[in-house]
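Trainee: Could you walk me through this fold, one feature after another?
Mentor: Gladly; let us look at it together.

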Amino acid sequence: MFDRIMQKFEGSPSQQQVIRLLLERGFSVSDEGRVVSGAIEIPNTQIAREIGVDRRVVDSTTDAILADEELRRIFQNISSIPSLMDLAPVLDLSVLTIEVMDADEPGIVATVTSLLADNDISIRQTISEDPEFTDDPRLYLVTDEDLPGDVLNELKNLDFVRQIQLS
């Protein structure tokens with residue numbers, strides 16, 4: 001899906017930057033062509049400044065989104081969720097990041113969460129990046145406590161795990 005969306009803007013790398021930002025942040029596009037997060041409007045000048053493009057690029061991108069029925073359905077229904085990852089150090093939580101060989105493989109989240117549950121580790125939040133929207137998707141788990149070394153070794157030895165990081 002991500003590739004299909006980006007192909008619609010293949011002639012404009014600047015518009016692709018806008019699309020990528022909207023998807024990464026979970027920003028929607030209103031019927032009026034304004035970028036929003038919930039009911040809060042985000043000025044196009046701020047979006048443009050964030051990615052280093054002219055405001056008119058944001059305007060033309062939102063116009064193109066509204067003119068395309070498939071894009072309209074996607075960008076009028078996308079939403080963001082609050083993440084505990086950046087708050088983890090402040091709240092004394094741990095963040096486990098898992099990079100996998102093939103993010104399309106079924107059972108990755110179930111296997112990892114079951115392994116943690118079997119070791120009595122409570123999960124506060126799980127965020128799984130969609131391989132359709134991200135080039136290098138990761139699985140993030142926020143836990144109440146640090147993971148013991150033996151659990152980290154078990155995780156690292158799973159067939160589908162490429163790399164793990166604990167912060």
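**Reading the fold**

Mentor: Gln15 sits in helix α2; helices (H or I, at least four residues) and strands (E, at least two) are DSSP runs, numbered from the N terminus. Please keep in mind that this is a predicted model, where local features need pLDDT of at least 70, side-chain atom pairs count only at pLDDT 80 or more, and totals for chains, interfaces and linings use all residues. Residues are numbered from 1 along each chain as its sequence is written, and side-chain values use heavy atoms, with hydrogens and water left out.

Trainee: Which residues is Gln15 in contact with, leaving aside its neighbours within four places in sequence?
Mentor: Contact means heavy atoms within 4.5 Å. With those neighbours within four places set aside, Gln15 is in contact with Phe9, Val57, Ser60 and Thr61.

Trainee: How should I read a nonpolar core?
Mentor: In soluble globular proteins, nonpolar side chains tend to be buried together. A nonpolar core here is a set of buried Ala, Val, Leu, Ile, Met, Phe, Trp, Tyr and Cys residues joined through side-chain atoms within 4.5 Å. The largest one has 25 residues, of which Ile19, Leu22, Ile65 and Phe75 touch the most other members. Two or more residues of this core come from each of α1 (2–7), α2 (13–25), α3 (44–51), α4 (55–67) and α5 (69–75). The most come from α2, which gives five residues. Apart from this core lies another, of 17 residues, including Ile98, Leu116, Ile121 and Val161.

Trainee: And in what order do the strands of the open sheet lie?
Mentor: Strands of a sheet pair through backbone hydrogen bonds, either parallel or antiparallel. Here two strands pair if DSSP finds at least two bridges between them. Four strands form this open sheet in the order β5-β6-β4-β7, with antiparallel pairing. At the edges are β5 (123–128) and β7 (161–166), each pairing on one side only. β5 joins β6 (residues 138–143) over five bridges in the antiparallel sense, and Ser128 stands opposite Leu139 in β6.

Trainee: Which helices pack on these strands?
Mentor: Helix α7 (residues 108–118) packs on the sheet and touches β4 (94–100), β5 and β6, its direction making about 25° with that of β6. Axes are lines fitted to C-alpha atoms, for helices over the stretch in contact, and angles run from 0 to 180 degrees between N-to-C directions. Helix α8 (residues 149–156) lies across β4 and β7, running at about 155° to β7.

Trainee: How do I describe two helices that pack together?
Mentor: Two packed helices are described by the angle between their axes and the distance between the axes. The axes of α7 and α8 come within 11 Å and cross at roughly 160°. That makes α7 roughly antiparallel to α8 (under 35 degrees counts as roughly parallel, over 145 as roughly antiparallel, 65 to 115 as roughly perpendicular and the rest as oblique). Val112, Leu115 and Leu116 of α7 make the contact with Val151, Glu154 and Leu155 of α8.

Trainee: What about the loops?
Mentor: Asp104 lies in the loop between β4 and α7, and counts as exposed because its relative accessibility is 55%. Glu145, in the loop between β6 and α8, is partly exposed at 37% relative accessibility.

Definitions and conventions. Buried means under 20% relative accessible area, exposed over 50%, partly exposed in between (1.4 Å probe, protein chains only).
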